[in-house]
Amino acid sequence: MDLLPAENSQIAKKHGFRSLKLVNVDLDHALAEQPVGVDYGRLDNGLYYYVRRNSKPRMRAALALAVKVGSVLEEEDERGVAHIVEHLAFSATEKYTNHDIIKFLESIGAEFGACQNAVTSADDTVYELFVPVDKPELLSEAISVLAEFSSEVRVSKDDLEKERGAVLEEYRVNRNAAGRMQDAHWGLMMEGSRYAERLPIGLEKVIRTVSHETVKQFYRKWYHLSDMAVIAVGDFSDTQSVVELIKTHFGQKSSASEPPLIPTFPVPSHEEPRCSCFVESEAAGSAVMISYKMLADQLKTVKGYRDLLAESMFLYALNQRYFKISRRRNPPYFSCSAAADVLVRPLKAYIMTSSCKERGTIEALESMLIEVARVRIHGFSEREISIVRALLMSEIESAYLERDQMQSTSLRDEYLQHFLRNEPVVGIEYEAQLQKSLLPHITALEVSKYSEKLQTSHSCVIKTIEPRASATLDDLKNIVSKINMLEEQGNISPWDDENIPEEIVSTKPKPGNIVQQFEYPNIGATELILSNGMRVCYKCTDFLADQVIFSGFSYGGLSELEESEYFSCSMGTTIAGEIGIFGYRPSVLMDMLAGKRAEVGVNLGAYMRSFSGDCSPSDLETALQLVYQLFTTNVTPVGEDVKIVMQMAEEAVRAQERDPCTAFANRVKELNYGNSFFFRPIRISDLRKVDPLKACEYFNNCFKDPSTFTVVIVGNIVPTIALPLILQYLGGIPRPPEPIMRFNRDDLNGLPFTFPSTIIREVVRSPMVEAQSSVQLCFPVELKNGTMVEEIHFVGFLNKLLETKLIQVLRFKHGQLPPYAQIYSAGVSVFLGGNKPSRTGNVRGDISINFSCDPAISSKLADLALDEILRLQEEGPSDEDVSTILEIEQRAHENGLQENYFWLDRILRSYQSRIYAGDVGTSFKVIDEGRSKVRTLLSSLTVQLALQRILPFPCREQYTAVILLPQTSRIKLIKSFFRSSQTSSRSDAKLHSALVMYVVADVSRDCWYGSLSSQFVEIFTEYPEVLGDLFGRSSICMGRRT
């Protein structure tokens, strides 16, 4: 097997990876201690700095202040204080007060929000900013902000009270099922060390009662410049001027006292495995976690780097086996994977995780352990290692080709790890040479030896997670003993590998030809009409040297089905995907694609069927072969394959039923969209009626007729190379004699939904382990057909305005009042995806607002949110508010213009827009002009009028409000009633209000999306003119983020 995918001569000449020279490998050679490619130094006051010039993205800079101070340094009465300091930094410093830092960030288009700007872990705290640098003063101001964090955070009593509520809400949100399981596993892993009792979020009691003096004392004691580094990576004219800015803002600062030595806290090893059976009634499913702890070695030499490569090869090879086992008939688990990670400063772990059927944890554990034992006895085969070698070589090749196109945030993260973990930064050129030189000589025997580190006698922790108790500690210990005995006796058979075909397409299709060709200069794109009727539009870019992406769509989807067919057909993607939609089982295809970077996925939505892909330019042929196989493969259901798919689906439904958010989200859907089968959540009884044959027949027909599809391709395309491949594999797809699933977009069946015409407020009460509350407010939206393009853009701006203002009101304005009526974050989302893509008629949908909060004040916060929206409708936003959302949108737009996915999305939306009439250049132009027009018109008055026009006015006259609250026991309710009746003679009114209450709501976005059927989620993205999330939010957190 080739170690590298085939590469055409033009790409080879351009990038030269193949000609990259090998290095003479001296395993004892020391890797450079100082990072390569960056201005690196230290100021007289001890502060380290890293400055690098990088133009991806243009006119932007990724900044960070890293502090080697985390929660492990807290005393018992300080648990949670490190995280509180991180919050207070954005609240007030000596120079900035009253959240001026947040206002500054938003005013320059650098958003502030949950999980975006800082993270506190056990060992360190990192503050991050991503700012525009097209004006010199912006970079200076941003560095000034970081300098304030280093030594000038103001910790007054008022500052703490204002921020206490947000921290409490973050604590409360973390106490869901996932948070409880994570915390329990952390305690088990770190047992016997200080880390076990120093989770970054801290203790609720400390968060509620800690004094500002205690917080200030912690800050003054541990925050010292000698334990900090400032990092600046961006599109600078030169690095020296940035170094001077760092010296200007940080150079005169000094720490209050001599910095104390930061202690290390060892984590004791243990020979006997620690076992735990964790029962979590709200768990998303059953799972097994196995961890093997060890000291983390410092990477200092070439030998250390070679060992790291061998370790990566071991994990890749093991994961390939686990994947293949999960695709067997009657597998022991649905998924399983292994990874290595540094947990805390002195500790590393190999962590294996599997998800399995209910009451299946013991079987899953046995399979996980026996596979590692099999490797210890028999090792990996040379064939397995050659596949992994090719995969790693492909990854480093891609990194090398894009070495001048790395994102500034990625480079910033490398320097963070250099400072915090002493990880060498040797430069991608040298690293590529090292890998190219070392990988061919790492043998299967060397890789297999890493299994010796995964023994249950080596600080092993085993944990099962179940919604209902099944496994016992004795069960876990018995499995460990059983596997040890089998291994000692050699009674574990060798791995039996599958036979892998050489070619994805066994017989190359006859190429099609170009019937028509059109050029669109305003897009920089070319459109082809192929002889089989498929429409292909491609745009050549140089944003990333190793990326080509594409997407194809056709009108007609699940909305055309009768209720009797819907549930079977909606399972088509899932069932067909398990069998193999490209002509091969997924486990076989994985090996066939080894060393290639090509992937294709499919989607069945309400009004469209679509496929999409991502590949390296050198693997475009492979990606297009997968598309060809998609259209020419007839998937036939096999009993065992269907059985495991339906078992997984049933487990997913049961997991939703355990989630407290499910009843809430279901009620939101029912209120806002009615009880149509399309919006109704799938039940176990629905799954048991699924006809696998019908599901596969429907799926096959969805991707059969190429004449109904439009395909858009964007990326590093060389037309002279790409066109022959397009003609052969897209043009070569046979067109059926009679049209299959050919629909007119104007004649599609619309989804049945009608928003309530009155006010509805409800409370949904759900059983919970720990009290949580979510609120969702929803308003109907109707956009007129004649002004559709402009109105869509207005909706995008209103979305951002409402989110910004509600966070200001609910988090910052009301946070200082007991009982800390504060939120952590708020989300505003627009849904217009229920409309069929007809070119006539108005568009209906809704705008929803969601946040989590303390159950005691959920209704009050809902009213405060309504008050703020009404105020904006009656008074309009300030000029500063308008300027802020304009700046945020403009910065997001500028970033997008440098990304392939942004262009792919814009071109697709131009084709799918209701103004499209055969000329994609014209619809693209109209949409672009609509954005410019709205930006020009945007003012306090026009935003106010848009709020009145697009939302119900006054907003309090038509909306739904749903509030998720914990279920109250009957005894507590009766006690509450008697207490209230003793204090008021109006017992009937009290009883009525106690039983009726207010309403339900949810919403963390995770709960909302997680509880919807996959088909419903998909239609959100289908409506052609929905701009999507213009402002690019990310909400995945590690550690504790502000």
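Modeller: Happy to. In this predicted model, the protein chain is divided into five parts: domain 1 (39-251), domain 2 (274-489), domain 3 (514-730), domain 4 (760-781 + 801-900 + 937-966) and domain 5 (970-1031). Let us go to the boundary you asked about. Taken over C-alpha atoms, the centres of domain 1 and domain 2 lie 31 Å apart. Across the boundary, 36 residues of domain 1 are in contact with 33 residues of domain 2.

The size of an interface is often given as the accessible area lost when the parts come together. For domain 1 and domain 2 the buried area is about 3,100 Å², with 65% of it on carbon and sulfur atoms. Three residues stand out on the domain 1 side: Met181, Leu188 and Met189 supply 20% of the area that domain 1 buries against domain 2, more than any other three residues.

There is a polar side to this interface as well. Domain 1 and domain 2 share 4 salt bridges. Asp124 and Arg421 form a salt bridge in which the closest N and O atoms are 3.2 Å apart. Counting residue pairs in polar contact, with both partners at pLDDT 80 or more, gives 17 between domain 1 and domain 2.

Which elements build the face of domain 1 that touches domain 2? At least two residues each come from strand 2 (48-53), strand 3 (60-67), strand 5 (125-132), helix 6 (177-189) and strand 6 (228-234). Helix 6 gives the largest share of that face, 8 residues. Sorted by class, the side of domain 1 that touches domain 2 has 24 nonpolar, 3 polar and 9 charged residues.

Pro57 sits in the loop between strand 2 and strand 3, and the peptide bond from Lys56 to Pro57 is cis, with omega near 0 degrees. Another cis peptide bond joins Phe953 and Pro954, with omega about -5 degrees; Pro954 is in the loop between helix 31 (940-950) and strand 23 (960-966).

Strand 5 turns up again in the surroundings of helix 3. The buried residues of helix 3 (residues 100-107) are Ile101, Ile102, Phe104, Leu105 and Glu106. They pack against helix 2 (81-91), strand 5, helix 4 (136-151), helix 26 (788-813) and helix 28 (879-896). Just after helix 3, Gly109 takes a positive phi of about 85 degrees.

Arg359 has a phi of about 65 degrees and lies in the loop between strand 10 (347-356) and helix 11 (361-378). Ser459 has a phi near 45 degrees, in the loop between helix 15 (444-448) and strand 11 (460-466). Are these two residues buried or exposed? Arg359 counts as exposed because its relative accessibility is 60%, over the 50% cut-off. Ser459 counts as buried because its relative accessibility is 6%, under the 20% cut-off.

Key. Residues numbered from 1 in each chain as written. Predicted model: local features only at pLDDT ≥ 70, side-chain atom pairs only at ≥ 80, totals over all residues. Heavy atoms only, no water. Domains from an automatic or database assignment. Contact = heavy atoms within 4.5 Å. Buried area = accessible area lost by both parts, 1.4 Å probe. Salt bridge = Lys/Arg side-chain N within 4 Å of Asp/Glu carboxyl O. Polar contact = N/O pair within 3.5 Å; in protein donor to acceptor, adjacent residues only side chain to side chain. Helix = DSSP H or I, 4+ residues; strand = E, 2+ residues; numbered from the N terminus. Nonpolar A, V, L, I, M, F, W, Y, C, P; charged D, E, K, R; others polar. Buried < 20%, exposed > 50% of the residue type's maximum accessible area, 1.4 Å probe, protein only.
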